[in-house]
Amino acid sequence: MPADPNATAATSWTEPASRLPLRWGSYRARLVTGLAMLVVGTACVLATTAYSLPLLLVGSLMQPAGWAVLPSTIGRRVAVALPVLGFTWLMLGGAGFAWCYAVPLAAWLLVRLRPLLSFVVLLLPIGWSIVLPSFVRYYGQGWITILSCSVIIVAAAWLARWIAIRADSWQSVRTLRKETNRLD
């Protein structure tokens with residue numbers, strides 16, 4: 001319960017991952033570095049062609065490293081790194097594999113310790129993947145798939161954060177329930 005009973009959920013809520021004890025680095029630096037590595041690594045994989053295979057190698061190394069750097073529990077970070085990389089490789093298939101964008105989003109929600117209710121946002125990229133192939137018919141239009149799906153997963157991640165604030169995710173994260181002032 002907040003010290004000020006008049007405080008709103010938005011002003012009293014903090015990121016659950018920011019309350020985890022870190023063995024190295026600061027929360028903000030690890031968050032920014034990990035996110036940058038994920039974005040650049042994913043971009044390298046998605047920019048891969050038969051003529052730019054080194055990008056696939058760089059992206060395939062950067063993306064798991066980005067998950068390792070993000071501040072969260074070790075189990076969550078380890079659990080998502082390789083599956084997300086595999087689904088990122090599938091995204092190279094074009095609009096028919098746009099549903100794969102839901103997997104990195106689900107991993108982000110898991111690593112960021114979002115409550116189960118916020119996982120409803122996975123319906124956004126899945127729904128878009130059903131509509132997208134009617135607009136994107138050729139492999140050369142892949143940039144439309146990448147751009148639109150990226151915008152949708154970023155918006156869905158922010159929507160999931162908004163849901164987490166409203167759902168007060170402190171009670172939904174098992175690793176943070178060890179505090180003595182809990183209500184159960």
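Tutor: A pocket, on a 1 Å grid over the protein atoms alone, is an open set of points where a 1.4 Å probe fits, with protein on both sides within 12 Å along at least five of seven lines; lining residues have an atom within 4 Å of a point. The model is predicted, so local features need pLDDT of at least 70 and side-chain atom pairs count only at pLDDT 80 or more, whereas totals for chains, interfaces and linings use all residues. Residues are numbered from 1 along each chain as its sequence is written, and side-chain values use heavy atoms, without hydrogens or water.

The largest pocket has a volume of about 840 Å³ (the space filled by probe spheres set on points joined across faces, edges and corners). Its lining comprises 30 residues, of which L35, V39, W108, V154 and A157 are the closest to the pocket centre. By class, the lining consists of 19 nonpolar, 6 polar and 5 charged residues (Ala, Val, Leu, Ile, Met, Phe, Trp, Tyr, Cys and Pro count as nonpolar, Asp, Glu, Lys and Arg as charged, the others as polar).

At least two lining residues come from each of helix 2 (27–46), helix 3 (53–69), helix 4 (74–90), helix 5 (102–111) and helix 7 (142–167); helices are DSSP runs of H or I with at least four residues, numbered from the N terminus. Helix 2 makes the greatest contribution to this lining, with 9 residues.

Helix 3 also contains V69. The C-alpha atoms of V69 and W24 lie 9.8 Å apart in space, although 45 residues separate the two in sequence.
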